[in-house]
Amino acid sequence: MKKLEVKDLKENFFEAIGKEWMLVTAGTKEKFNTMTASWGGIGWLWNKPVAFVFIRPERYTYEFVEKNDYLTLSFLGEENKKIHAICGSKSGREVDKIKETGLKPMITDKGNVLFEQGRLSLECRKLYTDVLRKENFLDPSVYEQWYTTHGGLHHVYVAEITSACIKD
């Protein structure tokens, strides 16, 4: 992996997040979990480069994100859709996602988990969290479509992108 200055990121995150998807990972080298996500974004907030992700409280990864100061985002490329399919449909409570997918964990200098398969990886420090609220949906159809039968309201996390690396 080759370090990249965050300010030098040239990624089209509409494509990377919405179509390629990403792995959201949190925990320690001894115990961590990862999940597939296709909702989120990258931007500039509080004079910092940030990522924002949405996680339902039912997800096992939620527990790890809640307990840790950092999370990572790993973009594996279109060729790894099978990994995303497993990490998005199976719970780490019930299966060993690393064994089942062949993911190869790497530990960062800060003790966070990335994957060798990542074509682009972001290490992020949590800055803010909140819970989406039914009464705050200005378009009720969004709530009806995504929250009446799909599970709990997402928690949103805003996290400063502290480092980035690309596969060399």
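In which loop does Asn 47 lie?

Tutor: The model is a predicted one. Asn 47 lies in the loop between β4 and β5. Asn 47 is exposed, with a relative accessible area of 67%. Its phi is positive, at about 55°, although Asn 47 is not a glycine.

A positive phi also occurs at Trp 21, which is likewise a residue other than glycine; there the angle is near 80°. Trp 21 follows α1 and is found in the loop between α1 and β2. With a relative accessible area of 28%, Trp 21 is partly exposed.

β4 (40-45) is among the elements against which the buried residues of α1 pack; the others are β2 (22-27), β3, β6 (70-75), α3 (81-89) and β9. Helix α1 spans residues 13-20, and its buried residues are Phe 13, Ala 16, Ile 17 and Glu 20. Seen down the axis of α1, these buried residues fall within an arc of 115°, so they line one face of the helix. On the other side of α1, Phe 14 and Lys 19 are exposed. At the start of the helix, a side-chain oxygen of Asn 12 comes to within 3.0 Å of the backbone nitrogen of Phe 14.

The strand on the other flank, β5, is one of the elements against which the buried residues of α2 pack, together with β2, β3, β6, β9 and β10. Helix α2 covers residues 60-67, and Tyr 60, Thr 61, Tyr 62, Phe 64 and Val 65 are buried in it.

β5 (48-55) also contributes to the largest pocket, where β5 and β3 (32-37) each supply at least two residues of the lining. The greatest contribution comes from β3, with 3 residues. The volume of the largest pocket is about 300 Å³. Its lining comprises 14 residues, and those nearest the centre are Thr 36, Ala 37, Ser 38, Arg 59 and His 154. By class, the lining of the largest pocket divides into 7 nonpolar, 5 polar and 2 charged residues.

The second largest pocket holds about 190 Å³ of space. It is lined by 14 residues, with Lys 3, Met 106, Thr 108, Leu 114 and Cys 165 nearest its centre. Two or more residues of this lining come from each of β1 (2-4), β7 (105-107), β9 (120-131) and β10 (155-166). The lining of the second largest pocket is made up of 7 nonpolar, 3 polar and 4 charged residues.

Rolling a probe the size of a water molecule over the atoms shows where empty space is left. In the whole structure, a search finds 1 cavity of 30 Å³ or more. The largest cavity contains about 30 Å³ of space. Its lining is formed by Thr 25, Ala 26, Gly 27, Tyr 70, Leu 71, Thr 72, Asn 112 and Val 113. β2 and β6 each supply at least two residues of this lining. The lining of the largest cavity consists of 4 nonpolar and 4 polar residues, with no charged residues.

Among the residues that line the largest cavity is Asn 112, which is found in the loop between β7 and β8 (113-115). Asn 112 is buried, with a relative accessible area of 7%, whereas Asn 47 is exposed. The side chain of Asn 112 makes a polar contact of 2.7 Å with the side chain of Glu 123. Apart from neighbours within four places in sequence, Asn 112 is in contact with Gly 27, Tyr 70, Thr 72, Met 106, Ile 107 and Glu 123.

Thr 162 has its place in strand β10. It is partly exposed, with a relative accessible area of 28%. Thr 162 and Pro 57 are 105 residues apart along the chain, and their C-alpha atoms are separated by 25 Å.

Terms used:
Residues numbered from 1 in each chain as written. Predicted model: local features only at pLDDT ≥ 70, side-chain atom pairs only at ≥ 80, totals over all residues. Heavy atoms only, no water. 1 Å grid on protein atoms, 1.4 Å probe; cavity = no way out; pocket = protein on both sides within 12 Å on 5 of 7 lines; lining within 4 Å. Points joined across faces, edges and corners; volume = space filled by probe spheres on them. Helix = DSSP H or I, 4+ residues; strand = E, 2+ residues; numbered from the N terminus. Nonpolar A, V, L, I, M, F, W, Y, C, P; charged D, E, K, R; others polar. Buried < 20%, exposed > 50% of the residue type's maximum accessible area, 1.4 Å probe, protein only. Arc of directions from axis to C-beta. Contact = heavy atoms within 4.5 Å. Polar contact = N/O pair within 3.5 Å; in protein donor to acceptor, adjacent residues only side chain to side chain.
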